[in-house]
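Biologist: Please take one annotated site and describe it closely. I would like to know where its residues sit and what they touch.

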Amino acid sequence: MKQVTFSVLATDGMGRRGRIDTPRGEINTPAFMPVGTAGTVKAMYPEQVRETGAEILLGNTYHLMLRPGAERVASLGGLHDFMDWQRPILTDSGGFQVMSLAKLRKLTEKGVTFKSHIDGSAYELTPERSIEIQTLLDSDIIMQLDECLALPAERKEMERAMELSLRWADRSKTAFNNQQNRALFGIVQGGDDPELRARSAAGLKSIGFDGYSIGGLAVGEPQEVMFRVLSEITPELPQDRPRYLMGVGKPDDILGGIERGVDMFDCVHPTRAGRHGHAYTRFGVINLKNARHKDDPRPLDEASPNPNCRRWSRAYLHHLVRTEEILGAMVLSQINLHYYQELTAGTRQAIEAGRLTDFAAETRAAWAAGDLPTL
């Protein structure tokens, strides 16, 4: 049976150009994974997501557990058939909701009891049940259940959550039971404390995982703290396994993560920003709600390889956003996801050419220069 494997193809500084091979296709890294929380990338057809360059999507265990239910998805052929995405899927474990829905949950050594944010009904999520749900969904890359804390936090609390996450990692590995054609990733926790992060990484390595995720960042700390933690922790992780920074982020976060040795990213931000009238291009972020665009006949970016950046005037996109037409959300979500894929593809080429530092500097300089001058 073909396994999920990872190869490092080139390096430049801490940056890595690699490839994850799965039975459902290859994933070139650094990679950005669009988020399909409830079995769909919002405002996008699956084929449109694929055409942006995405090779893997993320699905959400917590939300799919509530609706439509993992057993129902399994009875209908698994998540790939259910949503008609035949490429790889990574599912998160529900651990982030332990933090974000703190008022609706009770945490014990056994696991987490949630009250559904939909109807208040109770659900229990343990490391074993999380693995079971992700297997029922037919995920290609499965995450251990962990506890994710918001930052800043007291060191004692970060240590408690990190140690609990390690015990849950061990239980997750046992429940996974070396399944064929899937990978299991552990999650490094420890907040912004270098010693706790190092202990977490060492514990996960002793258990042994197919990949190593860095959780508990982009949860309230400044960007410089996130970058410091990444610089400290990626050298502690195995060189021959993929590294995944969970829930990150904006383009500059991703570029900084790649410079610090991260291989995989995911975030709802590009599609959420699109639904709120923000477009990401080589000029940085453009707010199409602004009145400066209402009479502008120029395209968003006439030099972009993305046809949607060249197709419509800024005035039309402004009109769609201001009138809250669905097409506006669709077009801007596509533009943003395409730009994220452009960015990661650019870093792959730069690492292969040994010019990641130059590429990053040029990209940031273009963002800093800003948008076209107002007409």
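A close look at the annotated site

Modeller: Asp92 counts as buried because its relative accessibility is 11% (buried is under 20% relative accessible area, exposed over 50%, partly exposed in between, with a 1.4 Å probe and protein chains only). The model is predicted, so local features need pLDDT of at least 70 and side-chain atom pairs pLDDT 80 or more, while totals for chains, interfaces and linings use all residues. Residues are numbered from 1 along each chain as its sequence is written, and side-chain values use heavy atoms, without hydrogens and water.

Asp92 belongs to strand S6, residues 89–92 (strands are DSSP runs of E, at least two residues, and helices of H or I, at least four, numbered from the N terminus). Beyond its neighbours within four places in sequence, Asp92 contacts Leu58, Gly59, Asn60, Thr61, Gln134 and Met143 (heavy atoms within 4.5 Å). With Asn60 there is also a polar contact between the two side chains, at 2.9 Å (N or O atoms within 3.5 Å, one able to donate a hydrogen and the other to accept it; residues adjacent in sequence count only if both atoms are side-chain atoms).

The unreviewed UniProt entry places Asp92 in its "binding site" annotation, together with Ser93, Gly94, Gly95, Phe96, Asp146, Gln189 and Gly216; such annotations may be inferred rather than shown by experiment. Of these, Gly216 sits in the loop between strand S12 (211–214) and helix H9 (223–233). Gly216 is buried too, at 7% relative accessibility. Leaving out residues up to four places away in sequence, Gly216 touches Cys148, Leu151, Gln189 and Arg197. One of these, Gln189, is itself in the annotation.
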